[in-house]
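Subject: Structure handover

Hello,

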Amino acid sequence: FDADADAKLVKLTVTPASVVLPKAGATTQIKVVATFSDGTTRNVTQDAQYESKDTAVADVSGAGVVSGK
């Protein structure tokens with residue numbers, strides 16, 4: 001590891017940016033892509049941590065699947 005030479009994280013892109021589920025039981029997959037200072041990108045969906053703001057309305061799995069209630 002070389003902190004000066006190694007690429008650094010410059011941006012995380014989450015898609016979709018917001019989720020509206022049409023009905024209870026509907027699901028959608030969140031995707032997270034990291035962009036680094038050397039221009040490379042990496043899908044980090046499985047590495048991200050997820051949390052629902054309102055678990056009475058929706059849950060989100062550790063894999064980034066949002067499920068409406």
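This is a predicted model: local features need pLDDT of at least 70, side-chain atom pairs count only at pLDDT 80 or more; totals for chains, interfaces and linings use all residues.

Residues are numbered from 1 along each chain as its sequence is written, and side-chain values use heavy atoms, with hydrogens and water left out.

Sheet. Strands here are DSSP E runs of at least two residues, numbered from the N terminus, and two of them pair if DSSP finds at least two bridges between them. Three strands form an open sheet in the order β1-β3-β4, and their pairing is antiparallel. β1 (9-15) and β4 (41-43) are the edge strands; each has a single partner, so one side of each has no neighbour in the sheet. On average, neighbouring strands are turned by 20° against each other, direction ignored; the axes behind this angle are lines fitted to C-alpha atoms, and angles run from 0 to 180 degrees between N-to-C directions. Between β1 and β3 (residues 31-36) there are 6 bridges, in the antiparallel sense. One of the bridge pairs joins Thr 15 to Lys 31 in β3.

Cis bond. Most peptide bonds are trans. The one from Thr 15 to Pro 16 is cis, with omega near -10°. Pro 16 sits in the loop between β1 and β2 (27-29).

Ser 52. This residue is in the loop between β4 and β5 (58-60). Ser 52 has a relative accessible area of 19% and is buried (under 20%; exposed is over 50%, partly exposed in between, with a 1.4 Å probe and protein chains only). A polar atom of its side chain lies 2.6 Å from the backbone oxygen of Ala 58, and a polar atom of the Ser 52 side chain lies 3.2 Å from the backbone oxygen of Asp 54. Beyond its neighbours within four places in sequence, Ser 52 is in contact (heavy atoms within 4.5 Å) with Ala 58, Asp 59 and Val 60.

Pocket. A pocket is an open set of points on a 1 Å grid over the protein atoms alone, where a 1.4 Å probe fits, with protein on both sides within 12 Å along at least five of seven lines; lining residues have an atom within 4 Å of a point. The largest pocket holds about 470 Å³ of space. Its lining has 25 residues, and Ser 52 is among those nearest the centre, with Val 19, Ile 30, Glu 51 and Val 66. β5 gives the largest share of that lining, 3 residues.

Regards

Notes. Helices (H or I, at least four residues) and strands (E, at least two) are DSSP runs, numbered from the N terminus. A polar contact is a pair of N or O atoms within 3.5 Å; within protein, one must be able to donate a hydrogen and the other to accept it, and residues adjacent in sequence count only if both atoms are side-chain atoms. Grid points are joined across faces, edges and corners, and a volume is the space filled by probe spheres set on the points.
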